[in-house]
Amino acid sequence: MIVLKTAEEIAKMRLLGQQLARILHTLKQQAKAGMTTARLDEIAASETELVGAKCASHGYRGFPGHCCISLNETVIHGIPSGRELEEGDLVSIDHVIERDGLFVDSTISFTIGLPSKAQTRIMEVCSRALAEGIAIARPGKTIGDIGNAVQSVVESSGCSVIREFVGHGIGRAMHEDPQIPNFGRSETGVMIVPGMTLAIEPMIAEGSHHVRIAKDGWTASMADGKLSCHMEHTVAVLENETVVLTKI
Ligand code: MF3
Ligand code: CO
């Protein structure tokens, strides 16, 4: 069931989304070679507590971290650990926070030190895919239009789109309907209407789109070991514009 949000709920999600954007910015600033991803996760937990919110991923279906930290060929659901960040790592931090029963979800990707050409390229493609997915998420368009926009950007750039994981509605729960695949056909699927709040999240790879889940039951990595990238925003669809809630 798709839950449309009131203006009041969207205003609260906007404030929470700005706070999430600041938390992710802080994490990016703090991330340094030699720091463990578990330490970064502790910072995520304390910064989230500071704004009076909860880390929604913590304990979700038994997930042990406060946020997901995925490196290089790991595309999503990386578990914070004793792994030290190294120069040249591509880091993605996916964080979902909740306050007053409202949830927002966002993911940033960046490198430790200067990015390689391949890293620059995949981050640029992912960021353009996210921007195009958001731009088309307007009343009168469909969920298939979002997938089609994302897939077109990604595949025309020679990258591939992960199939197993999708974006989603969000707001009164971390995951709401509809599912939002990063591939699809225009003018198909659920109609987009004002009041929808959506997490749009291209998950893309440099090589083949096949992923493998580690024995921990979470860590999703590219089967060919090649680079991947993930970026995400929570947006609210209004009559005349689509507002990115998770930016400063
Ligand atoms: N942020 C993820 C999403 O976009 C969910 C995290 S799964 C969890 O749906 F287990 F880590 F919570
Ligand atoms: Co999400």
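Modeller: Helices (H or I, at least four residues) and strands (E, at least two) are DSSP runs, numbered from the N terminus. One caution before we go on: this is a predicted model, where local features need pLDDT of at least 70 and side-chain atom pairs count only at pLDDT 80 or more, while totals for chains, interfaces and linings use all residues. Residues are numbered from 1 along each chain as its sequence is written, chains are lettered from A and ligands numbered from 1 in the order written, and side-chain values use heavy atoms, leaving out hydrogens and water.

My pick is helix H4, residues 143-156. With 14 residues at 1.5 Å each, H4 should span 20 Å, and its end C-alpha atoms agree, being 20 Å apart. Buried means under 20% relative accessible area, exposed over 50%, and partly exposed in between (1.4 Å probe, protein chains only). By that rule, 10 of the 14 residues of H4 are buried, so the rest of the structure largely encloses this helix. Among them are Ile 143, Ile 146, Val 150 and Val 154. As for what they touch (contact means heavy atoms within 4.5 Å), the buried residues of H4 pack against helix H3 (117-136) and strands E6 (160-161), E8 (176-180), E9 (197-200) and E10 (203-205).

After H4 comes Gly 158, with a positive phi near 80°. Cys 159 is buried too, at a relative accessible area of 5%. A disulfide is a pair of cysteine sulfur atoms within 2.5 Å, and the count here is 0. For Cys 159, the closest cysteine sulfur belongs to Cys 126 and sits 8.8 Å away, too far for a bond.

Now move over to the cobalt ion, ligand 2. Donors are N, O and S atoms within 2.8 Å of the metal (3.2 Å for Na, K and Ca); water is not among the atoms, so sites may look incomplete. From the protein, Asp 105 (OD), His 168 (NE2), Glu 201 (OE) and Glu 232 (OE) lie 2.1 to 2.3 Å from the cobalt ion. Asp 105 belongs to strand E5 (residues 102-111) and His 168 to strand E7 (residues 167-169), so this pair ties together parts 63 residues apart in sequence. Asp 105 is buried at 3% relative accessibility, and His 168 is buried at 5%.

Notes:
Expected span 1.5 Å × (residues − 1).
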